[in-house]
Amino acid sequence: MQNDKTKLPADTFVNTSIIATIILVLLIGICSLSYNKRAKLLNQGDCFATLSNSSADAAQRIESNLVGGIHSLRIIAKVIGNSGSYDPKSVQAGLSVFETNPISNNIAVLTSDNTIIRVDGSVISAEGLMDFESEAQHDEHICEFEESVYFPDKTVIHGFIPIEMDGKVTGLLFNEFNTESAAKQWAPEMYDGDARFTIINRETGDVLINNCEALSKNITEIHNEHLITEAKAGHTGYMAFPIHGRLTFACYIPMTIADWEVIYFVDSDKTLAASNRMKKNFHTFLFEEGIVFLLFMAWIFHFNRSSVRNTEKNANSDTLTGLPNRNMYESYCSSKADSQSDLACIYIDVNGLHEVNNSQGHLAGDQMLRFIADTLKVTFTGAEIFRIGGDEFIVFQEKSSGSGLNLKIGSVKEQLRNNDYYISAGISYGSKNNTIKDIIKDAEKKMFEDKKKYYEERGQEVRNFIQTPIDKDKSD
């Protein structure tokens, strides 16, 4: 009794220390998570605000550039229309007033007889390149991914403006839009020039202008359904999501030019730089505090060892039967993965447990399982016995003969039958050509065959019968 009296305060102290430690860990964890979350949210908010404002400014610059170009084309189209002639020299004179830039520096005229007059006065056939009747139906419009009339085999974007003479459209002025130059010229300057952008066709999702490495042909390459849906719907917004494993911030804005949407991307390393610095400093603080905490843990470890051992034992043991549980079973199987040739497996399933529980109560069912477990312990002395499920047991016996195991299983069944308990069992033996999983599966299959035979002898249907691998193959 004296030992019990002296142990009680010690146990109380250990338990109190453990509770205090858990509370301390939880408080530190909650505070750390809360701090990191607040810092991240604040920085993300600043990032989204900066990204949204910068993206709007960048998109406006792109629109202004495009609108300015279209306005210039309208003036030239009017000049050419007023001239009343498509003489190459006259057209060249009209085209020469267009203010060129590296993005849209190639303009030409498509006449009603499907000839093209270029800015240098040269005339070429439009056959295979474009068709006047088809293009004239759409008034002012943009055609994406057409072959260049200046650079063979190069794909460009054409913008068409009608030319009217005597109130009738007799030609089309068009320019070639250099997408590669546009990607460089319109690259946003925010975040030290590390932001990327792409312009897509909202209807098709095709990439028109792009300097973002994550995209090449279509917006679907992003693999983010929300962004794809929002961008193709012509919405404005921003979001954060991973691209190739890296958190990326995106802002999408519709354009009034054609059916286009511009999307800007910024890597989180840039957007969350301030937050990451704060997090790094905070982690340093946590590391220092962690050293103090470890010293505290070391102080109580001596008193806590016995409690840990008991916890481990409970975690690996079945509380009802005292047998090793499924955790120990899986650990045992892992340890025997390469050494199963001298191993025999007995797969055992209790018959009628559900009926006992329903008719006599769960206490009777528990008594039944304990009796079966005790019988297995006595019969298979020295073997590894596990309870792996509610009514399932597995026995592993090393260096056993077939007749010996069959006799033991027969003895177990006889003892159980005398107490009106019944089991089904299957035995399988290891060899160099199979794994422990193969042995278990084979034993389980034989157990199901034995269970089927058991119920057939009683004229009953197998309850919750699970197909064996052979049965499953037949059904397939």
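Helix α9 spans residues 353–360. Helices here are DSSP runs of H or I with at least four residues, strands are runs of E with at least two, and both are numbered from the N terminus. The model is predicted: local features need pLDDT of at least 70, side-chain atom pairs count only at pLDDT 80 or more, and totals for chains, interfaces and linings use all residues. Residues are numbered from 1 along each chain as its sequence is written, and side-chain values use heavy atoms, without hydrogens and water.

The buried residues of α9 are L353, V356 and N357. They line one face of the helix, because they fall within an arc of 100° seen down its axis. The arc is taken from the directions from the helix axis to the C-beta atoms. An α-helix has 3.6 residues a turn, so residues three or four places apart point the same way. The cover over the buried residues of α9 includes β12 (343–351) and α10 (362–379). Just after α9, G361 takes a positive phi of about 100°.

The largest nonpolar core has 28 residues. Such a core is a set of buried Ala, Val, Leu, Ile, Met, Phe, Trp, Tyr and Cys residues joined through side-chain atoms within 4.5 Å. Its largest share, six residues, comes from α1. V262 is among the residues with the most contacts inside this core. Contact means heavy atoms within 4.5 Å. Beyond four places away in sequence, V262 touches residues including A59, I62, F197 and Y252. A second, separate core of 27 residues includes V350, F380, L405 and I409.

Methods: Buried < 20%, exposed > 50% of the residue type's maximum accessible area, 1.4 Å probe, protein only.
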